[in-house]
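Biologist: Before we begin, could you take me through the reasoning behind the terms you use when you describe a structure like this one?
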Amino acid sequence: MARMPGLTLRERRPEDLPVLWRWLHGEDHPEWQRWDGPYFPRSGAKKTLSEFMETARPPGPHRRIIALDGECIGMVSRSEEEPAGGGWWELGIVIYDPRHWGGGFGRQALRLWTSLTFAETDAHVLTLTTWSGNERMVRSAQRVGYRECARIPEARLWQGQRWDSVKLCALRREWETGA
């Protein structure tokens, strides 16, 4: 019987920094950026590995590494929407290496991150935002249990074409009851 790879969410470790640097600064046009809000300009100037390691934010409770058999393949994040204490949190997820796309790892990571966010915060509702060109992300979130709650038509301009901004949501009570 073939062993399934183990996917976990964990704190960032020092050995993850070179992997993160590669995907954030080491490649000129990484494939993941074509799907992760490609219409937003890349933030900040390119950094060398040593600059990246010196300026990396310390690990914190609102970011985790997506690890496949212990190796960093991506990241999840969350932030509380204003006003604080209102119970609305926005999630983010990215798997950097296209070799790990299409195998259900993003869906599994989103399921884990959703459960952890409900367990670790006062969240009443979780949202994630993508664009209509990222059909894989929309389908993956829907398979996990998210539903589309907003669509802003033609809000994003990318490569000469207009795309919808798509927001998906999960309510705590529905998540906990599996509704």
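Modeller: Bearing in mind that this is a predicted model, we can begin with the helices H3 and H4, which pack at an angle of about 50°, their axes lying 9 Å apart.

Biologist: Which residues make the contact?

Modeller: From H3 come Gly 106, Arg 107, Leu 110 and Arg 111, while H4 contributes Met 137, Ser 140, Ala 141, Arg 143 and Val 144. Sorted by class, the contact of H3 with H4 has four nonpolar, two polar and three charged residues.

Biologist: What makes Thr 114 count as buried?

Modeller: Buried means under 20% relative accessible area, and Thr 114 counts as buried because its relative accessibility is 0%. Thr 114 lies in helix H3 and, neighbours within four places in sequence left aside, is in contact with Leu 91, Leu 126, Tyr 146 and Trp 175.

Biologist: Which residues have the most contacts inside the largest nonpolar core?

Modeller: They are Ile 66, Leu 110 and Tyr 146, in a core of 26 residues. The largest share of this core, five residues, comes from H3. Apart from it lies another core, of 11 residues, including Leu 20, Trp 32, Ala 67 and Met 75.

Key:
Residues are numbered from 1 along each chain as its sequence is written. This is a predicted model: local features need pLDDT of at least 70, side-chain atom pairs count only at pLDDT 80 or more; totals for chains, interfaces and linings use all residues. Side-chain values use heavy atoms; hydrogens and water are left out. A nonpolar core is a set of buried Ala, Val, Leu, Ile, Met, Phe, Trp, Tyr and Cys residues joined through side-chain atoms within 4.5 Å. Buried means under 20% relative accessible area, exposed over 50%, partly exposed in between (1.4 Å probe, protein chains only). Helices (H or I, at least four residues) and strands (E, at least two) are DSSP runs, numbered from the N terminus. Axes are lines fitted to C-alpha atoms, for helices over the stretch in contact, and angles run from 0 to 180 degrees between N-to-C directions. Contact means heavy atoms within 4.5 Å. Ala, Val, Leu, Ile, Met, Phe, Trp, Tyr, Cys and Pro count as nonpolar, Asp, Glu, Lys and Arg as charged, and the others, Gly among them, as polar.
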